[in-house]
Amino acid sequence: MSTRQRQYRIAVLISGNGSNLQALIDAQARGDLGPTTIDLVVSNASKAYGLQRAADAGIPSLIQTMKPYKEAGKTRLDFDKDLAAEIQTHFRTSSGPDLIVLAGFMHILSQDFLSQFPKKVINLHPALPGAFDGIKAIERAFEAFQAGQITETGVMVHEVIPEVDRGRVILVEKVPIHKEDTVEDLASRIHSVEHGLLVRATRVFLTGQM
Ligand code: GRF
């Protein structure tokens, strides 16, 4: 009797450089994501370098920007509704993707979107839980360190809920800040932690394997 291993199919949503997408692509190639395939990359920015990374890896991608919505007087909810439909269509199964990974995706998804993918959307955020929600978390942590308010920062991956950068934490890793650091030093230390943490969190979320 043959037992077929469960396969997972994921979508990765990006807005920019896509170094975290690259970490997932490389992990998939090494077998570090478990039985998981990155099936779709979505960008809300047409010039995102991550789109090139997807193309180089042979992964289909989809670009959906806010601009035409704004021009047509449409709302973010319209954007979210169409985005959810595009993703569902791409996966063409009744249950859709097994997971949607937000890897530097600079668009706040509404409950309307999230309710179509219950417990299936996770986000990477470059700060410790509850510390620096929202944009420019690295810069704000650096300033707080200089003001003597914190001694370390971190990276987390969490389930997505409508409140920005909140939701059950899947994995978290602390990142030290050194007094000789520039903000660029801190950013590059954080990014290298992100690349490992996002791979582990994706794997553990899907397969339960650390
Ligand atoms: C990461 O620092 C992520 O935590 C933040 O945006 C950045 C995206 O980097 N939200 P990249 O596009 O994956 O290189």
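**Note on the ligand site and overall fold**

1. In the ligand site, a polar side-chain atom of N20 lies 2.7 Å from an oxygen atom of the ligand. A polar contact here is a pair of N or O atoms within 3.5 Å. The model is predicted: local features need pLDDT of at least 70 and side-chain atom pairs pLDDT 80 or more, whereas totals for chains, interfaces and linings use all residues. Residues are numbered from 1 along each chain as its sequence is written, and side-chain values use heavy atoms, without hydrogens or water.

2. For S19, the separation between a side-chain N or O atom and an oxygen atom of the ligand is 2.6 Å; for E194, the corresponding value is 2.4 Å. Of the 370 Å² of accessible area that the ligand has on its own (Shrake-Rupley, 1.4 Å probe), the protein covers 83%.

3. The elements that contribute two or more residues to the ligand shell are α1 (19–30) and α7 (183–207). Helices (H or I, at least four residues) and strands (E, at least two) are DSSP runs.

4. The surrounding residues (a heavy atom within 4 Å) are N17, G18, S19, N20, G104, L124, P126, H191 and E194. By class, this shell holds 2 nonpolar, 6 polar and 1 charged, with Gly counted as polar.

5. Turning to the fold, the chain contains 7 helices and 7 strands, in the sequence order β-α-β-α-β-α-α-β-α-β-α-β-β-α. Its radius of gyration is 17 Å, close to the 17 Å that the globule rule gives for 210 residues, so the chain is as compact as a globular protein of that length. The radius is taken over C-alpha atoms, and the rule is 2.2 Å times the number of residues to the power 0.38.

6. Along its principal axes, the C-alpha trace spans about 55 × 55 × 30 Å.

Key
A polar contact is a pair of N or O atoms within 3.5 Å; within protein, one must be able to donate a hydrogen and the other to accept it, and residues adjacent in sequence count only if both atoms are side-chain atoms.
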